[in-house]
Amino acid sequence: YKSLERMRGMFRVLEEMTHGVIDGDVTAMVVHGPPGLGKTYLVEKALHERANEPIFAGNPLGEDFQLISDQRFRMVSGYMKPVHLYKMLYETRHAGMISVFDDCDSVLTDDNSPNLLKAALDTGDKRDVSYNSEASLLRKELIPLTFEYKAGAIFITNVDFVNESSNQEHLGAILSRCH
């Protein structure tokens with residue numbers, strides 16, 4: 001019985017932390033654990049419960065604001081190249097929006113993606129993200145080479161990155177910006 005209550009408590013914390021990212025009180029979080037616990041299910045459930053709330057309650061949308069879809073979050077799974085990570089961060093850059101990476105561990109372990117994430121999740125007042133490399137995709141889609149990221153991020157993974165030995169300096173910097 002105590003184990004069941006402890007698990008219920010952990011699931012409540014996961015829901016509350018997801019709401020914290022939605023509300024902007026938490027910049028980012030990493031959810032990790034063995035497969036089959038319901039990590040993705042619980043995060044998605046919390047996101048869908050709040051998906052139809054206005055992003056800027058009481059404020060008109062800025063002129064440059066565009067929703068890519070009718071949802072305030074975008075979820076991606078699998079492998080992602082750095083240029084596509086940059087594009088996704090750009091598309092979900094507004095306050096109240098969330099980039100969700102579900103079993104997309106390459107964004108944490110690739111050689112270049114962690115630098116983009118460190119910029120997006122920086123603890124300063126302004127979080128500018130830049131992609132200063134030749135990228136025809138960005139030019140074609142008229143995506144600027146620098147933008148301000150005001151959104152949140154959630155990483156869902158089976159890998160315990162705290163104890164991961166490879167790429168530790170990048171992972172440590174990213175994890176220091178997440179709950």
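This report walks through the overall layout of a predicted model and then visits a few of its helices and residues.

## The overall layout

Let's start with the whole chain. The protein chain has 179 residues, and 44% of them are buried. Its secondary structure consists of seven helices and six strands. Read from the N terminus, these elements follow the order α-β-α-β-α-β-α-α-β-α-β-β-α.

## Where helix 1 meets helix 2

Helix 1 covers residues 2-23 and helix 2 covers residues 39-50; their axes come within 9 Å and cross at roughly 45°. The two helices are therefore oblique to each other, and their crossing is right-handed.

Which residues make this contact? Helix 1 brings Phe11, Leu14, Glu15, Thr18, His19, Ile22 and Asp23, while helix 2 brings Lys39, Leu42, Val43, Ala46, Leu47, Glu49 and Arg50. Sorted by class, the contact holds seven nonpolar, two polar and five charged residues.

## Helix 3, an enclosed helix

Next comes helix 3, which spans residues 82-91. Nine of its ten residues are buried, so this helix is largely enclosed by the rest of the structure. The buried residues are Pro82, Val83, Leu85, Tyr86, Lys87, Met88, Leu89, Tyr90 and Glu91.

## Val129 in strand 4

Val129 sits in strand 4, residues 128-130. Is this residue buried or exposed? With a relative accessible area of 0%, Val129 is buried.

Setting aside residues up to four places away in sequence, Val129 touches Tyr86, Leu116, Ala119, Ala120, Leu145, Thr146, Phe147 and Tyr149. One of these, Tyr86, is among the buried residues of helix 3. Leu89, another buried residue of helix 3, is 40 residues from Val129 in sequence, and their C-alpha atoms are 8.6 Å apart in space.

## Thr157 in strand 6

Our last stop is Thr157, which belongs to strand 6, residues 152-157. Its relative accessibility is 1%, so Thr157 counts as buried.

What does Thr157 contact beyond its neighbours within four places in sequence? The residues in contact with Thr157 are Val30, Val31, His32, Gly33, Lys39, Asp103 and Asp105. With Asp105, the side chain of Thr157 forms a polar contact of 2.8 Å. Lys39, also in contact with Thr157, takes part in the contact of helix 2 with helix 1 as well.

Conventions. Residues are numbered from 1 along each chain as its sequence is written. This is a predicted model: local features need pLDDT of at least 70, side-chain atom pairs count only at pLDDT 80 or more; totals for chains, interfaces and linings use all residues. Side-chain values use heavy atoms; hydrogens and water are left out. Axes are lines fitted to C-alpha atoms, for helices over the stretch in contact, and angles run from 0 to 180 degrees between N-to-C directions. Helices (H or I, at least four residues) and strands (E, at least two) are DSSP runs, numbered from the N terminus. Angles under 35 degrees count as roughly parallel, over 145 as roughly antiparallel, 65 to 115 as roughly perpendicular and the rest as oblique. A crossing is left-handed if the near helix is turned anticlockwise from the far one by less than a right angle, and right-handed if clockwise. Contact means heavy atoms within 4.5 Å. Ala, Val, Leu, Ile, Met, Phe, Trp, Tyr, Cys and Pro count as nonpolar, Asp, Glu, Lys and Arg as charged, and the others, Gly among them, as polar. Buried means under 20% relative accessible area, exposed over 50%, partly exposed in between (1.4 Å probe, protein chains only). A polar contact is a pair of N or O atoms within 3.5 Å; within protein, one must be able to donate a hydrogen and the other to accept it, and residues adjacent in sequence count only if both atoms are side-chain atoms.
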